[in-house]
Protein chains: 2
Amino acid sequence: MNAQEILRTHIKKTVDLTDEQFDYFFSFFKPKFFKKGQVVISEGEQVDHEYFVLDGCLKTFYINDNLKMHILQFATGTWWASDYNALYNNEKASVNVDCVSDAHTLCLYSEDREKVCREIHEIERFLRWRSNRGYVGLQKRILSLLNNNARSRYEELIAQHPELYNLVPKQLIAAYLGVSRETLSRLYHF
Amino acid sequence: MNAQEILRTHIKKTVDLTDEQFDYFFSFFKPKFFKKGQVVISEGEQVDHEYFVLDGCLKTFYINDNLKMHILQFATGTWWASDYNALYNNEKASVNVDCVSDAHTLCLYSEDREKVCREIHEIERFLRWRSNRGYVGLQKRILSLLNNNARSRYEELIAQHPELYNLVPKQLIAAYLGVSRETLSRLYHF
């Protein structure tokens with residue numbers, strides 16, 4: 001599938017757009033290719049855009065005062081990535097986004113997103129449901145962090161996102177799960 | 001403020017509705033009063049509604065196989081509570097909601113929410129932004145769980161929601177933070 005078809009299929013799971021509506025929405029997305037390791041968003045910068053991932057994998061992460069990395073999100077195909085706190089609250093980035101692998105993305109600016117939401121009610125609905133699903137996904141992760149041990153958290157992650165197993169180095173998986181690389185190795189003899 | 005004014009003020013932070021639009025939306029909310037300790041949603045039941053809290057405090061929680069309670073959310077005035085996974089994915093409740101104190105709420109059914117969203121574009125926008133803010137709030141909590149110790153997590157919670165300090169027993173605060181009641185006591189000599 002090309003970029004247009006990937007986005008259209010993704011949106012179609014939530015709302016039906018006419019060809020004209022979709023083409024109009026699509027005209028605001030700018031294709032952007034990133035190399036493995038390339039920085040997408042850096043802590044401290046202004047954030048006025050988000051990325052729809054076509055292929056590859058981005059990660060959103062935070063580096064604490066002891067230089068320890070915590071991973072907030074992996075974004076593979078049809079996931080969205082940005083610093084959403086910065087984007088929605090008009091604040092500077094407090095997290096970073098970079099590329100775990102080469103990645104093709106489509107970039108959407110906030111200003112354009114809000115413009116199209118005002119103009120096309122269905123797009124507003126699509127984005128409401130995208131946010132609703134994201135909210136529920138994060139609630140599940142919080143319960144998992146509170147309740148599950150490292151083994152269950154790992155198995156849950158790989159069951160939900162099997163593509164991460166080959167795509168993402170194990171120390172990054174550990175940084176997502178909130179356990180040490182050693183703990184993960186002990187459990188799985190990686 | 002009466003129920004109508006509380007809801008209207010809450011919505012006005014995001015969108016402007018005409019009196020007619022607001023009255024129409026408000027007509028779908030059913031006032032519901034709960035006594036302290038009363039069950040609002042039980043694990044396993046069908047969930048087709050959510051609550052807008054006018055005053056008092058609800059909690060959303062999960063009891064694990066060892067009968068340990070984890071708290072997903074406290075909902076005080078102008079917060080919303082439900083089992084959102086069940087509500088949005090049409091699944092049976094996997095968490096419980098009950099009352100930390102007496103609480104006045106307004107109940108909204110999913111069917112009515114979706115009907116009004118279709119009819120009034122501004123309501124769809126309001127609910128998109130409610131969800132966007134909820135999403136960002138949960139991302140912050142995940143980073144806090146991954147990165148902060150019990151003391152920072154407690155101070156962060158009380159800074160964001162000072163009303164919880166007097167409203168919520170300390171063992172429930174501990175169940176929200178993911179620490180034992182003893183750890184919290186040692187830190188603060190409660």
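**Terms and values**

Tutor: Let's start with residues 16-77 of chain A: the chain there is 13% helix and 45% strand, and the end C-alpha atoms are 21 Å apart. Helices (H or I, at least four residues) and strands (E, at least two) are DSSP runs, numbered from the N terminus. This is a predicted model, where local features need pLDDT of at least 70, side-chain atom pairs count only at pLDDT 80 or more, and totals for chains, interfaces and linings use all residues. Residues are numbered from 1 along each chain as its sequence is written, and side-chain values use heavy atoms, with hydrogens and water left out.

Student: What does UniProt list for residues 16-77 of chain A?

Tutor: The unreviewed UniProt entry gives "domain: Cyclic nucleotide-binding". Such annotations may be inferred rather than shown by experiment.

Student: Why is Arg125(A) with Glu124(B) called a salt bridge?

Tutor: The rule asks for a side-chain nitrogen of Lys or Arg within 4 Å of a carboxyl oxygen of Asp or Glu. In this pair the closest N and O atoms are 2.8 Å apart, so the pair meets that rule. Across the interface of chain A and chain B, the rule finds six salt bridges.

Student: Which elements of chain A supply the side that touches chain B?

Tutor: Strand S5 (69-75), helix H3 (84-89), helix H4 (110-119), helix H5 (121-147) and helix H8 (170-177) each supply at least two residues. H5(A) gives the most, with 20 residues.

Student: How do you know that the copies meet through the same surface?

Tutor: Contact means heavy atoms within 4.5 Å, and 39 residues of chain A are in contact with 39 residues of chain B. Since 100% of the interface residues of chain A are also interface residues in chain B, the copies meet through the same surface.

Student: And what makes the relation a two-fold axis?

Tutor: Superposed by least squares on C-alpha atoms of residues with pLDDT of at least 70 in both, chain A can be laid on chain B with an RMSD of 0.0 Å by a turn of 180° and a shift of 0.0 Å along the axis. The two copies are therefore related as by a two-fold rotation axis.

Notes:
Chains lettered and ligands numbered in written order.
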